[in-house]
Amino acid sequence: MNSYRGKYLFDGEKLVENFSFTEENGIIVNVGKYNDVPDAKDLGDSFVMPGIIDCHVHVTGNPETDQLEFDYDNPVETGRIVIEGTCNMKTILKAGLTTIRDLGSTNGIAISLRNGQKKGVIQGPHIVCAGELINYSKGNANGNDKRRNYINGVDMAREAARRQFALGADVIKLYTTGGIVTFGDEYAPCLFLEDEIRAAIQVAKRYGMMSSAHAQGKTAIITCSNAGISSIEHGVYIDEETAAVMKKNQTFIVPTLSAPHFAVKEGLRKNPDDPAHKGSQSVINTHNTSFTRAFKTGVPAANGSDTGNGFNYFENAPYELVLVSKLLSVENALKIATSSAAKLLRLEGKKGVIKKGADADFLVLRENPFDNIETVMDKKEVFQSGKLVI
Ligand SMILES: [Zn+2]
């Protein structure tokens, strides 16, 4: 049993001053006032908050090469991804992320990492896991559609979703729009057909999995929301009508503001003419407006950095809180990264809060983020199930 007390605590929902709490066997058993537990370890002016929950991570990604894909048939390559993913787990935990949702790894390797962490074989965050991405057909140009979950029609949609369940996925991830691309007359159109989206989500629901969609444009977002998707990722184009639909269906938005931020900051510095990075630059303002509009309309939000993608380094994942705080407030940024994210992951009351009955996953920060939100990027103490892990 360990008890702590100090000046400032964010309990997942609000700021509490002069707190104490006690953990036993990795679970918080009591939260009270500073004077309640006189022999508790005094954390002084440090700031305590729940471990950050990041709902959009690619744990097997490589920010340097921006490659999620690799040569499937080469066992040496598979081994490399497993080793890199295992190392990334540690970096992610050290950054202060104690729970993550992995949204797509080649061959579903993140599922193995999730299992390894659960068994205590490797150190890292608790993972809620999608297996492989479910993508729209590229017209079978490379003859490899099925292998890569490039679906074409409802049967393939169902099969791809069922395959994720068989692999052990907790959530499916649909890649419904391209990146920053335009075909036809809508920006980032929906490249799945509606029945394909409905079929995949129906399978997910029936099998008790959650669902998520990479969706930028209006048609994709509205179609997924009405089909019962759990969360929309990115959501660059959310107008008032789209926000109203998401609110009605209580579909979460996971904005991943870090993705274009780092693509522009680092990507353009290294490759000034890269069209993908230029595309990201052109949508940052729209993306910010869309996210703010959605949140103010009443769409629930959850933190997600898209870390693991190009230039989006694992150690920078907490920067998403800084970006969100600039649009909303520090309190909202902290809430979105803790109790609100836990709701999306069906971990309400267990993760993302410092309350009786919750897992003792918490951070001790040097400074008060209400004074300086950038302190979430500083070196910190990370506790997982009550143990100082880093
Ligand atoms: Zn992603």
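This briefing covers the overall build, domains, core, strands and selected residues of a predicted model. The protein has 11 helices and 18 strands, and it is divided into domain 1 (2-50 + 352-388) and domain 2 (52-317). Its largest nonpolar core has 108 residues, and this core lies between the two domains because both give residues to it.

**Overall dimensions and packing**

- Taken along the principal axes, the C-alpha atoms fill a box of roughly 70 × 45 × 45 Å.
- Of the 390 residues, 52% are buried.
- Among contacts between residues at least 6 apart in sequence, 67% join residues at least 24 apart.

**Domains**

- Domain 1 is assigned as 2-50 + 352-388, and domain 2 as 52-317.
- The centres of domain 1 and domain 2, taken over C-alpha atoms, are separated by 31 Å.
- The contact between them takes 7 residues from domain 1 and 6 residues from domain 2.
- On the side of domain 1 that touches domain 2 there are 3 nonpolar, 2 polar and 2 charged residues.

**Largest nonpolar core**

- Within the core of 108 residues, Ile92, Ile172 and Ala200 have the most contacts.
- Strand β8 (residues 126-136) gives the most to this core, namely 7 residues.
- Domain 1 (2-50 + 352-388) and domain 2 (52-317) both give residues to the core, so it lies between them.
- Beyond its neighbours within four places in sequence, Ile92 is in contact with Val57, Val59, Leu97, Ile100, Gly124, Pro125, Phe314 and Ala317.

**Strand pairing**

- Strand β6 (residues 52-57) is largely enclosed by the rest of the structure, because 6 of its 6 residues are buried.
- Strands β6 and β7 (residues 97-102) run parallel and are joined by 4 bridges; Ile52 stands opposite Leu97 in β7.
- Leu97 is also among the residues in contact with Ile92.
- Strands β1 (residues 2-10) and β5 (residues 47-50) run parallel, with 2 bridges between them; here Tyr8 stands opposite Phe47 in β5.
- Strand β5 is also joined to β16, by 4 bridges, and this pair runs antiparallel; Met49 stands opposite Leu363 in β16.

- Helix α5 (residues 218-226) is mostly covered, with 7 of its 9 residues buried.
- The buried residues of α5 are Lys218, Ala220, Ile221, Ile222, Thr223, Cys224 and Ser225.
- The elements that cover these residues include the strands β12 (186-187), β13 (210-215) and β14 (231-234).
- The helices α4 (194-206) and α6 (240-249) are also included in that cover.
- Just after α5, Gly228 takes a positive phi of about 95°.

**Ala160, in a helix**

- Ala160 lies in helix α3 (residues 154-167).
- Ala160 counts as buried because it has 25 C-beta neighbours inside 10 Å, where 20 or more are required.
- Not counting residues up to four places away in sequence, Ala160 touches Ile134, Asn149, Ile151 and Ala200.
- Ala200 is one of the residues with the most contacts inside the largest nonpolar core.
- Ala160 and Arg148 are 12 residues apart along the chain, and their C-alpha atoms are separated by 9.4 Å.

**Glu348, in a loop**

- Glu348 is placed in the loop between α11 (339-344) and β16 (362-365).
- Glu348 is partly exposed because 15 other C-beta atoms lie within 10 Å, a count between the limits of 12 or fewer for exposed and 20 or more for buried.
- Leaving aside neighbours within four places in sequence, Glu348 is in contact with Ala342 and Lys343.
- Glu348 and Ile238 are 110 residues apart along the chain, and 27 Å separate their C-alpha atoms.

How values were computed: Residues numbered from 1 in each chain as written. Predicted model: local features only at pLDDT ≥ 70, side-chain atom pairs only at ≥ 80, totals over all residues. Contact = placed C-beta atoms within 7 Å. Core = buried A, V, L, I, M, F, W, Y, C linked by C-beta atoms within 7 Å. Domains from an automatic or database assignment. Nonpolar A, V, L, I, M, F, W, Y, C, P; charged D, E, K, R; others polar. Pairing = 2+ DSSP bridges.
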